[in-house]
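This report covers a nonpolar core and the strand pairing around one part of it. Please keep the sequence and the structure open while reading.

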Amino acid sequence: MADAKQPHLNGAYYGPPIPPPRSYHRPGRRSGCGCGCCLLNLLFKLIVTILVIIAILALVFWLVFRPNKVKFHVVNASLTNFSLAGNTLSYNLALNMTIRNPNKHIAIYYDSIEARAYYDGVQFGTDTLEPFYQRHKTTSFLNPLFRGPSPLVLGSSELAQFNSDKAAGSFSIDVKLYLRVRFKLRSIKTNKFKPKIKCDLKVPLVSRRSSAAGFETTRCDIDY
């Protein structure tokens, strides 16, 4: 039996077609920060806009109302007693003070006023003054009074300074005002502020005072 003829392959034999390899896309994070960055950018722009608006309003307020600093002065001081026996100080100090509000549209509520007197950084007297309301472009008057015995403990150098001041007949006394104030701009009232007023005084004893060495009007400093 004759062998069956094999088909002519004409070269190499090819099997069934092989499908192309599938490309797999591995899930990962998207580029950029998406919604988080958008929210941050929006928040940043909002904050900048608010700050710009506040700056513009402050500038307009200053241009329209031109607020000026309130001025505090001690125009007279009467010291009739300032003697130290042991660690007890006897004193009698009366002050005349002026408060000038130079503002044309701003009034001030003085809700609380406490005056304290210090010698060499040590407090020896205090006086609570009556609250009051100050209109614009007016001058008000305060009369703190410090009187009585009070403990006053001084070191050796401070005691030597006290004796030197006593011999000279004039004492360096600091008076501070602790305030609670509100400002009124027409019908608008601000929240309370707590400024401190410091007056560095050189006060002569009345018994040693002369026309050439009297008390000089002293301007006080304001610390907001």
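How many bridges join β3 to β4? Seven, and the two strands run antiparallel. The model is a predicted one.

β3 spans residues 106-119, and 10 of its 14 residues are buried, leaving the strand mostly covered. On the β4 side, glutamate 114 of the pairing stands opposite threonine 128. Two residues lie between β3 and β4 in their hairpin, where aspartate 120 takes a positive phi near 55°.

β3 also pairs with β8 in the antiparallel sense, through 13 bridges. In that pairing, isoleucine 108 has phenylalanine 183 of β8 as its bridge partner. Strand β5, residues 132-134, is joined to β3 by three bridges, again antiparallel. Here tyrosine 110 stands opposite phenylalanine 132 in β5.

## The nonpolar core

The largest nonpolar core holds 38 residues. Phe72, Phe82, Leu95, Tyr110 and Ile173 have the most contacts inside this core. At least two core residues come from each of β1 (71-85), β2 (88-101), β3 (106-119), β4 (122-129), β8 (170-185) and β10 (196-204).

## Around phenylalanine 72

Which residues does phenylalanine 72 contact, leaving aside neighbours within four places in sequence? They are Thr98, Ile99, Tyr110, Leu177, Leu179, Ile197, Thr218, Arg219, Cys220 and Ile222.

Note on methods: Residues are numbered from 1 along each chain as its sequence is written. This is a predicted model: local features need pLDDT of at least 70, side-chain atom pairs count only at pLDDT 80 or more; totals for chains, interfaces and linings use all residues. Side-chain values use heavy atoms; hydrogens and water are left out. A nonpolar core is a set of buried Ala, Val, Leu, Ile, Met, Phe, Trp, Tyr and Cys residues joined through side-chain atoms within 4.5 Å. Buried means under 20% relative accessible area, exposed over 50%, partly exposed in between (1.4 Å probe, protein chains only). Helices (H or I, at least four residues) and strands (E, at least two) are DSSP runs, numbered from the N terminus. Contact means heavy atoms within 4.5 Å. Two strands pair if DSSP finds at least two bridges between them.
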